[in-house]
Amino acid sequence: MSNALGTLSSSLILQEALDLAVKVHPALTSVTTDFSAQPAKKGQSIISRTLGKPTVSNFGSAATDSADADVTVTLSNFKEVRYKFTAAEVASTNRNLIRERAMPMALAIGDYLAGIVATELALNTDFTTEVVEALADVDYQTLTSAREALTATLEAPLNDRYAAVKPAAFTKLLNDSLCNRQYKNTGDDPIASGRLNQIAGFQSVDEWQGWPTTDNGIGAFWHKSAVCLAVRPIANPEEYGIKFPGNIGIVTNSDPTAPFSVLAFESINASDLSVETVMVFLAGVAKGNNFCARLVTA
């Protein structure tokens, strides 16, 4: 079957790419996210919210202040994912070239958003708590030390805790007998999956390629409210009364709990019949609650 490139029917493929982007990287599930299909402007501030733990008091006591906090996230990153097919490429195959690009697009978006989240966790100097461990000594005890730091030092909630380490540190964890048991009561078997889920009180410990290594950092441990990530599409330029020479519209993934949206447009160049599809979005991150402990080697 040849490619149907004349309508925005390929929006279903773009939607698939956005679904995959949310699934392929832990950055989009391990922090507080503020996704919306509501268009925004570059540099606009989005007010997100982290939820704090209420106080249990004797009946009849005066009301206590809420521990919830507003977090201002600036949409300072204006990004796109673009690909183009020549007329010769389209004409020489029956493969669905657009669908084949869904996973690479998802990986590109997921890796980019993971990168700005990792930068916030690794380099925001307001996170001052550290777990010091030589790379050669990273093991299950490293995780329990981090758990203690989050609980005793930072007083972070016990739920929704996550961790990420650079590949060399993750290899140490996988090779540790306490981390990588052959049989587990919950979660995946690390021997088969290469993932560490539901361990030492963390929902997951993930391997993040390209983790920032500034200041000897090799990872971090945090509560979900430590970082807020906001993503918005830009407004449709057709609102200014000028018709786009192709198809344009906002595409949203199918997950109602995280409606990740971009402005997508596709067109055929009249001069050379090349086909181009672009996804455009705004993104920003900001520090939330002070619930992050960095893993450093010295």
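How many bridges pair strand 9 with strand 14, and in which sense? I looked it up: strand 9 and strand 14 (residues 292–296) pair over 5 bridges, in the antiparallel sense.

Ground rules before I go on. The model is predicted, so I take local features only at pLDDT of at least 70 and side-chain atom pairs only at pLDDT 80 or more, while totals for chains, interfaces and linings use all residues. Numbering runs from 1 along each chain as its sequence is written, and side-chain values use heavy atoms, with hydrogens and water left out.

Terms for strands: they are DSSP runs of E, at least two residues, numbered from the N terminus. Two strands pair if DSSP finds at least two bridges between them.

Strand 9, another pairing: strand 6 (residues 161–165) runs antiparallel to strand 9, joined by 5 bridges. There, R161 has H223 of strand 9 as its bridge partner.

I then checked burial (under 20% relative accessible area, 1.4 Å probe, protein chains only). In strand 9 (residues 217–223), 7 of the 7 residues are buried, so the strand is largely enclosed by the rest of the structure.

Next, the loop between strand 9 and strand 10 (227–232), where S225 lies. S225 has 5% relative accessibility, so I log it as buried. Its side chain makes a 2.9 Å polar contact with the side chain of N289. A polar contact is a pair of N or O atoms within 3.5 Å; within protein, one must be able to donate a hydrogen and the other to accept it, and residues adjacent in sequence count only if both atoms are side-chain atoms.

Definitions and conventions
Buried < 20%, exposed > 50% of the residue type's maximum accessible area, 1.4 Å probe, protein only. Helix = DSSP H or I, 4+ residues; strand = E, 2+ residues; numbered from the N terminus.
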